[in-house]
Amino acid sequence: MEGPPPVSEELLYSEPEEELRTAVADLLADRAPWASVLARTESAEPYDAELWKALGTGIGAAGLLIPESLGGAGASLREAAVVAEELGKAVAPVPFLGNLTATALLLAVHDAGNGTAAAADELLRRIAAGEQTVAVAIPFTRSPDTTYKGRVSVTPWPPREDPHEARVTGRVTSVADALPADVLLVPADGSIYVVQASDAKRTAVTSLDMTRVLCDIEYDDTPAMLLTTRYGALQSALLSAAAILASEQLGLAERCLATTVEYVKTRHQFGRAVGSYQGLKHRLAQLWVQIAQARAVARHAVSATGEEQAIAVAVAQAHCSAVAVQAAEECVQMHGGIGFTWEHPAHLYLKRAKSTSLALGAPSRHRRRLAELVDLPAS
Amino acid sequence: MPPLITQHDLENRVQDFLAAHDPRTTSKQDFLRARFDAGLAWLHYPEGLGGLGLPRDLQPVAEKAFAAAGAPDNDPRRIGIGLGMAAPTILAFGSDEQKQRWLRPLWCGEEVWCQLFSEPGAGSDLAALATRAVRDSEGEGDSADWIVNGQKVWTSMAHEARWAILVTRTDPDVPKHQGMTYFVLDMTAPGVEVRPLRQLTGEAEFNEVFLTDVRIPDSQRLGAVGEGWKVAQTTLMNERVAIGGGSSPRESGMIGVLAQRWRDNPGVRDAALHDRLMILWVAAEAARLTAMRLSAQLAAGQPGPEGSAAKYAFATLNQQISGLELELLGEEGLRYDDWTMRRPDTVDFVGRSPGYRYLRAKGNSIEGGTSEILLNIIAERVLGLPGEIRADKDVAWKDLPR
Ligand SMILES: Cc1cc2nc3c(=O)[nH]c(=O)nc-3n(C[C@H](O)[C@H](O)[C@H](O)COP(=O)(O)OP(=O)(O)OC[C@H]3O[C@@H](n4cnc5c(N)ncnc54)[C@H](O)[C@@H]3O)c2cc1C
């Protein structure tokens, strides 16, 4: 089969990307050291609103993808991916991914234009200005290629004249980044609606990932505005989100490896640094190889366009999900007893890694999708 | 540094060259020599030595244009050791005279090279090698010839090679890494004996090489006396990049063969095999993109340690893919194409039978540094983990236990 267009320097990082990385890394080092991330997981506020503000508006991460004409930075997924890498390294409790997914959805509506774009544009402007955080209200496990049916129904709102006004009723579970959101984008009956988050009933669930707390959402005759009937906008947003998630997983894996390498150099048993034992050295080296590959596939996933994007994202999710889990599991194991304690950050990484491997399509789901895309039928 | 020449300029240059040297009317040898002289051979080499000092990632542009015009190639698989290992070492350590003498016929495929490194007692521990080189006592001091005695083993292509890169021991009284010297050996010199060494595939692509009082002029030394280890490191680093790096289209190599078999044979499909196929497909794609990223890094002047990683990943992957291929075949997987002892002049991974691929791939994790050694290298040089416990440090080579 025909290969994709040649990629070369796009697999590397550009200088502006590295500058953005430094800005985010500095902020996180200052505001989100792991001890405070851990402390927050047991507080009433699982998300860090101050940090999100500094990141979202201070550094402009919330409006990265939004065109300059709407107050954003007019950047691409490649820049957003660099932010995601750093957030993954810190398991930072901010709704960056959810906000980005919603932004990508709104941008798809914006790009399609034809009359419905005004509401999307207004939301994009507010996101860029840091006035509102938006989330897409679907289960976090949804993969980009599944048609999401949901259990939310729509009824018109008879007293009003505006054909865009409606009410939604129903329930959606395990939604990511919706707790700190002001606005929800709600897929229902093949269209997408805008709901004020405060009008819906959100219940935080006890999540495996303590740094990205999921919630269940209930609508009961809740006021909603039609955003678009272009349901495809959801698919394209999830594809972008999955591409970005691969970079978050890369960052997480990198941090796990770095932390573990540091530890095995200093921990002595039997009169030697445990990192001098080949049994550990080889596993760490294998992990490094996997991560080097994750970097290449994650970069490709945020650079590819058109038909190639679907392949690149499926490859990245199939690969990076597994690498993140492997890195986090090795991190716990090679820290020994300390790695199994609540005080040590390793578990935050493990919980985030395992959760993200199920998110936006598990690796097996992405492999199945890939099989269709590259013509390798299952039967 | 901005590129000295754009892709477009390069395409024009190749077209001009093709206009002046029509591949249909020019002999293969003349064509290749002219291409070398025009600097269109290995573009990243210096001018005058087959290149134009360009970034490496422009190479595929030239290759594509030449291939499209039906130009002859230099049979890169047959001369892989020359291209991948001898040439970069000569470029880094050779004198002007040596570069002029060896690089052109090497690239043109007129002279095949082999690598005389491994010995029966020195494989992974290459620095333990025992092949002795001593100055001819009749000769003139610092420029006297060298007399070499010893045995090398597992030498690929020695039966075809005109030249060899050779590491020898010149000082047994110092620790092993210090007493080595690197040479280029003329394989036609008296005292060089090549014997086929049959391998588990049935063929003999490698050899044993016996060196008995072989004379090497001092002008064929690469690097200083006693600096052979440093020179050899350059060869080994390039070997790994050559094996694991480079840009290739999706589904090239073994995964392409496997995928095609799957497409062509609905009867072999079952759910468990399908998931394994897709896992390997993803792994192959990840390895391919990593090799591409490595090339881009090299071109951007950021050489990374990914060479060892790429070589390791390639070996692991080839073994898994070729293993799955046999399973897909069922009954046919029990059959082999040919056990006849043959002397191939290339390693033909995709051309021969699945059984051959399965067996030959076992060599991928041994040749050019075993997977275990590569993991040691990554762990120590990249991750900075403590080195292996060494029993041989600070001990003169001659006093090492054997
Ligand atoms: C197909 C093929 C072609 C080859 N072509 C050439 C050639 O052209 N020129 C040439 O010079 N050589 C060639 N070789 C030789 C090759 O480089 C050596 O076989 C290789 O370096 C391994 O050395 P060895 O065979 O002595 O194995 P050994 O070093 O004896 O290793 C035996 C086992 O021990 C493991 N091991 C050794 N040391 C360590 C350690 N420190 N930690 C963990 N594990 C360790 C190895 O990984 C291996 O599994 C070729 C080999 C093959 C298979």
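1. The largest cavity holds about 130 Å³ of space. A cavity here is a set of points, on a 1 Å grid over the protein atoms alone, where a 1.4 Å probe fits but cannot get out. Grid points are joined across faces, edges and corners, and a volume is the space filled by probe spheres set on the points. By this rule there are three cavities of 30 Å³ or more.

2. The model is predicted: local features need pLDDT of at least 70 and side-chain atom pairs count only at pLDDT 80 or more, while totals for chains, interfaces and linings use all residues. Residues are numbered from 1 along each chain as its sequence is written, chains are lettered from A and ligands numbered from 1 in the order in which they are written, and side-chain values use heavy atoms, with hydrogens and water left out.

3. Which residues line the largest cavity? Lining residues have an atom within 4 Å of a point, and for this cavity they include L97(A), T101(A), F140(A), D177(A) and L360(A). Helix α5 (residues 96-112) of chain A gives the most, with three residues. Helices (H or I, at least four residues) and strands (E, at least two) are DSSP runs, numbered from the N terminus. By class, the lining has eight nonpolar, two polar and one charged residues. Ala, Val, Leu, Ile, Met, Phe, Trp, Tyr, Cys and Pro count as nonpolar, Asp, Glu, Lys and Arg as charged, and the others, Gly among them, as polar.

4. The second largest cavity has about 60 Å³ of space. Among its lining residues are A84(A), F96(A), L97(A), R212(A), E248(A) and R352(A). Both α4 (77-90) and α5 of chain A supply at least two residues each. This lining divides into six nonpolar, no polar and three charged residues.

5. The second largest pocket has a volume of about 430 Å³. A pocket is an open set of points with protein on both sides within 12 Å along at least five of seven lines. Its lining has 18 residues, with Q290(A), Q293(A), H319(A), A283(B) and Q320(B) nearest its centre. At least two residues each come from α8 (278-303) and α9 (306-334) of chain A and from α8 (271-299) and α9 (306-329) of chain B. Eleven of the lining residues are nonpolar, six polar and one charged.

6. Where does the ligand lie? The ligand sits between chains A and B. Of the 18 residues around the ligand, Q115(B), S124(B), W154(B), T370(B) and E372(B) come nearest; a residue is counted if one of its heavy atoms lies within 4 Å. Helix α11 (residues 371-382) of chain B gives the most to this shell, with three residues. The shell has five nonpolar, ten polar and three charged residues.

7. A polar side-chain atom of S118(B) is 2.8 Å from a nitrogen atom of the ligand, and one of S156(B) is also 2.8 Å from a nitrogen atom of the ligand. For E372(B), a polar side-chain atom lies 2.7 Å from an oxygen atom of the ligand. Taken alone, the ligand exposes 970 Å², and the protein buries 69% of that; accessible areas come from the Shrake-Rupley method with a 1.4 Å probe.

8. S207(A) is in the loop between β6 (201-204) and β7 (215-228) of chain A. Is S207(A) buried or exposed? S207(A) is buried, because its relative accessible area is 13% and buried means under 20% (1.4 Å probe, protein chains only). The C-alpha atoms of S207(A) and S355(A) are separated by 9.0 Å, although the two residues are 148 residues apart along the chain.

Note on methods. A polar contact is a pair of N or O atoms within 3.5 Å; within protein, one must be able to donate a hydrogen and the other to accept it, and residues adjacent in sequence count only if both atoms are side-chain atoms. Buried means under 20% relative accessible area, exposed over 50%, partly exposed in between (1.4 Å probe, protein chains only).
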